[in-house]
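Biologist: I would like to learn how to read the features of a model such as this one. Please give the general idea each time, then the case here.

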Amino acid sequence: LYNKNRLSKALICAGLEPFDSYDELVELVSYFRERTYDDIVIYTGFTEEELEDKLVDIIKYGNIIIKFGRFIPDDQEYFNELLGVKLASKNQYVVHYK
């Protein structure tokens, strides 16, 4: 259905914590990548350091964009150019693994 929908441009994994279902996340990324090289965007509250051992299995598929960092209440939001959205806390950042 994704490939037949001309509006689809990326797979977004957001809400709850995608890395809590790590095996399923890797399976989804692999399945998606076999069919298209469109962006895969993953929103996580973890940092790169906390996911260091898990990132290898995800980023090897290429064209993976990950938003890292926990939400901090009452922190200053800012606009992230790569995602084209406001992030809720200054400690949140985005990495594009090409």
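Modeller: In soluble globular proteins, nonpolar side chains tend to be buried together. Here the largest nonpolar core has 18 residues. A nonpolar core is a set of buried Ala, Val, Leu, Ile, Met, Phe, Trp, Tyr and Cys residues joined through side-chain atoms within 4.5 Å; buried means under 20% relative accessible area, exposed over 50% and partly exposed in between, with a 1.4 Å probe and protein chains only. This is a predicted model, in which local features need pLDDT of at least 70 and side-chain atom pairs count only at pLDDT 80 or more, while totals for chains, interfaces and linings use all residues. Residues are numbered from 1 along each chain as its sequence is written, and side-chain values use heavy atoms, with hydrogens and water left out.

Biologist: Which residues have the most contacts inside the largest core, and which elements give two or more residues to it?

Modeller: The residues with the most contacts inside it are Phe19, Ile42, Ile58, Ile64 and Ile66. The elements giving two or more residues are strand S1 (10-13), helix H1 (22-33), strand S2 (39-43), H2, S3 and strand S6 (93-97). Helices (H or I, at least four residues) and strands (E, at least two) are DSSP runs, numbered from the N terminus. H1 supplies the largest share, 5 residues. A second, separate core of 6 residues includes Ile65, Leu83, Leu87 and Val94.

Biologist: What does Ile42 touch, leaving out residues up to four places away in sequence?

Modeller: Contact means heavy atoms within 4.5 Å. On that basis Ile42 touches several residues, among them Phe19, Leu25, Ile58, Ile64 and Ile66.

Biologist: How do S1, S2 and S3 pair?

Modeller: Two strands pair if DSSP finds at least two bridges between them. S1 and S2 run parallel, joined by 4 bridges, and Ala10 has Asp39 in S2 as its bridge partner. S2 and S3 also pair in the parallel sense, over 4 bridges, with Val41 opposite Ile65 in S3. The β-α-β crossover from S2 through H2 to S3 is right-handed. A crossover is right-handed if, with the strands pointing away from the viewer, the path from the first strand over the helix to the second runs clockwise. S1, H1 and S2 likewise make a right-handed β-α-β unit.

Biologist: Where is Asn63 placed, and is Asn63 buried or exposed?

Modeller: Asn63 lies in the loop between helix H2 (52-59) and strand S3 (64-68). Its phi is near 55°, a positive value in a residue other than glycine. Asn63 counts as buried because its relative accessibility is 10%.
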